[in-house]
Amino acid sequence: MYVLIAGAGKVGWNLARELIDKGHEVTLIEGNRDRYLTVDQELEHAVQYGDATELWVLERAGIQRADLVIAVTGDDEDNILICQVAKEKYLCERIVARVNNPRNYRWFKLLGILPAVSATDLILRLIEHEVPQYGLVHLLDLPENHLEIIELSVPEGAPIAGLRLDEVVLPDGSLIISILRSGGGFVPKAETVIEPGDAVLVVLDPGLEEEITGQFAATGARG
Amino acid sequence: MFVLIIGAGRVGSAVAKWSLAEGNEVSVLDEDPLSLERLNKDQQSSWEDAGGQFTVGTALETDALDAAGIAQADVVIASTDGDNTNLVVAQIAQRQYDVKKVIVRVLDPRRAEWYAEQGLETVCPTASAIDMLQSAVQAG
């Protein structure tokens with residue numbers, strides 16, 4: 001596979017190194033002269049000097065035959081535009097963009113620059129896994145398919161604790177698909193009773209979490 | 001008309017002053033608070049006293065765009081000193097806020113041409129300068 005990477009910062013340089021090790025052909029583009037010279041000592045012909053938002057720089061690097069374009073510069077506007085021309089002008093089938101400021105994620109999405117990966121979000125996701133009292137863990141996010149799966153713990157005193165599954169009222173677009181109890185998991189039936197200490201897996205349309213979490217809050221607790 | 005100008009350097013601030021003098025409602029968004037001085041310079045009354053609006057913020061911040069009134073804008077001019085910022089904010093104005101007329105300054109001629117084909121109204125000062133220099137040489 002031929003991979004074009006824009007931005008030879010820590011992310012770009014290490015990505016290039018890993019992909020080359022896996023046997024892929026890689027060209028890395030870096031616009032800062034000093035950084036380019038540093039990276040060039042290791043990667044030699046696999047790194048080129050230039051502004052990856054300029055079309056001739058992308059063409060010199062062979063964007064026409066790239067199987068994958070990865071934009072990981074420190075500038076969100078640059079990453080958006082590099083991926084936009086890769087996809088729409090050079091008809092590259094696969095792109096990956098880095099989001100530096102998570103607030104800009106909506107603009108990546110608006111302009112169809114997906115997948116867009118944010119380090120902040122990845123770390124937040126890990127924190128959710130590592131800090132169980134948080135109560136809610138995202139297990140799977142498929143925003144393009146309007147689907148996500150979350151894990152919710154059922155504390156003592158939560159409104160949902162003690163209810164039979166067919167008594168639980170969740171918003172349209174959400175469904176309890178599994179219950180984790182005493183180290184095992186099972187698919188519940190209508191008459192299954194949800195017990196304190198359980199964890200519940202819910203499949204839902206993104207954005208419904210807030211309507212659901214209230215039923216999993218311990219008595220007196222909020223949010 | 002409500003005109004929103006994003007980026008008040010030499011070009012943006014001159015267009016802003018002209019636009020206000022033409023009797024439009026004009027809002028300027030710039031990341032540098034000092035840009036307000038450029039708008040006040042050589043004017044009888046200050047920019048804000050003359051009815052102009054000024055917001056400090058960067059082009060991709062939703063809060064700044066909202067405060068500058070992008071939802072009401074009839075015209076948006078993207079004239080920061082960065083082509084990439086201009087091209088992104090122009091597309092945001094079109095697609096997120098449905099602004100009818102969006103004009104974007106792009107210094108790089110090839111990208112100005114390609115984005116024009118994609119439906120953006122681009123103005124390329126570099127291409128204009130090349131044309132003018134060639135005509136001047138030809139005229140002897």
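Where in chain A is A:Ile63 found? A:Ile63 sits in the loop between helix H3 (55–60) and strand S4 (68–71) of chain A. Now, is A:Ile63 buried or exposed? The cut-off for buried is 20 or more other C-beta atoms within 10 Å, and A:Ile63 has 24 C-beta neighbours inside 10 Å, so it counts as buried. If you ignore its neighbours within four places in sequence, A:Ile63 is in contact with A:Leu4, A:Leu58, A:Val69, A:Ala86, A:Tyr90 and A:Cys92. Take A:Tyr90 from that list: along the chain it is 27 residues from A:Ile63, yet the two C-alpha atoms are separated by 7.0 Å.

Before I go on, a reminder that this is a predicted model. For the complex, the predictor gives an ipTM of 0.92 and a pTM of 0.78. Chain B averages a pLDDT of 95, with 100% of its residues scoring at least 70.

OK, chain A as a whole. The secondary structure comes to 7 helices and 11 strands. Is chain A a compact globule or more spread out? For 223 residues the globule rule gives 17 Å, and the radius of gyration of chain A is 23 Å, well over that, so chain A is more spread out than a compact globule. Along the principal axes, its C-alpha atoms fill a box of roughly 65 × 30 × 30 Å. The domain assignment gives domain 1 (2–118) and domain 2 (131–216), and the C-alpha centres of those two domains of chain A lie 39 Å apart. Of the 223 residues, 31% count as buried. As for contacts with a separation of 6 or more in chain A, 52% are between residues 24 or more positions apart.

A few backbone spots in chain A are worth a look while you have the structure up. Most residues other than glycine have a negative phi, and most peptide bonds are trans. Here are some that go the other way. A:Glu44 has a positive phi, near 50 degrees, and its place is in the loop between helix H2 (33–43) and strand S3 (47–49) of chain A. With 8 C-beta neighbours inside 10 Å, A:Glu44 counts as exposed. A:Leu91 also isn't a glycine, and its phi is positive at about 55 degrees. You'll find A:Leu91 in the loop between H4 and strand S5 (94–99) of chain A; it has 9 C-beta neighbours inside 10 Å, so it counts as exposed. Then there's a cis peptide bond joining A:Leu114 and A:Pro115, with omega about 0 degrees. A:Pro115 is in the loop between H5 and strand S6 (116–118) of chain A.

Over to chain B. It has 6 helices and 6 strands, and from the N terminus on they run β-α-β-α-β-α-β-α-β-α-β-α. A compact globule of 140 residues would have a radius of gyration near 14 Å; chain B has 16 Å, which agrees. Its C-alpha trace spans about 50 × 35 × 25 Å along the principal axes. Buried residues make up 39% of chain B.

How many residues of H6(B) are buried? The number is 0, so H6(B) lies largely in the open. After H6(B) comes B:Gly140, with a positive phi near 70 degrees.

Helix H4 (residues 83–95) of chain B is mostly covered, with 11 of its 13 residues buried. Among the buried ones are B:Asp83, B:Asn86, B:Leu87, B:Val88 and B:Ile92. And what do the buried residues of H4(B) pack against? From chain B, strand S1 (2–6), strand S4 (75–78), strand S5 (101–105) and helix H5 (109–117); from chain A, H4 and H5.

That brings us to the interface. The contact takes 13 residues from chain A and 13 residues from chain B. On the chain A side, helix H4 (76–88) and helix H5 (105–110) each supply at least two residues. H4(A) gives the largest share, 5 residues. By type, the chain A side divides into 6 nonpolar, 2 polar and 5 charged.

Methods
Residues are numbered from 1 along each chain as its sequence is written. Chains are lettered from A and ligands numbered from 1 in the order in which they are written. This is a predicted model: local features need pLDDT of at least 70, side-chain atom pairs count only at pLDDT 80 or more; totals for chains, interfaces and linings use all residues. Two residues are in contact if their C-beta atoms, placed from the backbone, lie within 7 Å. Helices (H or I, at least four residues) and strands (E, at least two) are DSSP runs, numbered from the N terminus. Ala, Val, Leu, Ile, Met, Phe, Trp, Tyr, Cys and Pro count as nonpolar, Asp, Glu, Lys and Arg as charged, and the others, Gly among them, as polar. Domain bounds come from an automatic or database domain assignment. The radius of gyration is taken over C-alpha atoms; the globule rule is 2.2 Å times the number of residues to the power 0.38. A residue is buried if 20 or more other C-beta atoms lie within 10 Å of its own, exposed if 12 or fewer, and partly exposed in between; C-beta atoms are placed from the backbone. pLDDT is the predictor's confidence in each residue, from 0 to 100. The expected span of a helix is 1.5 Å times one less than its number of residues.
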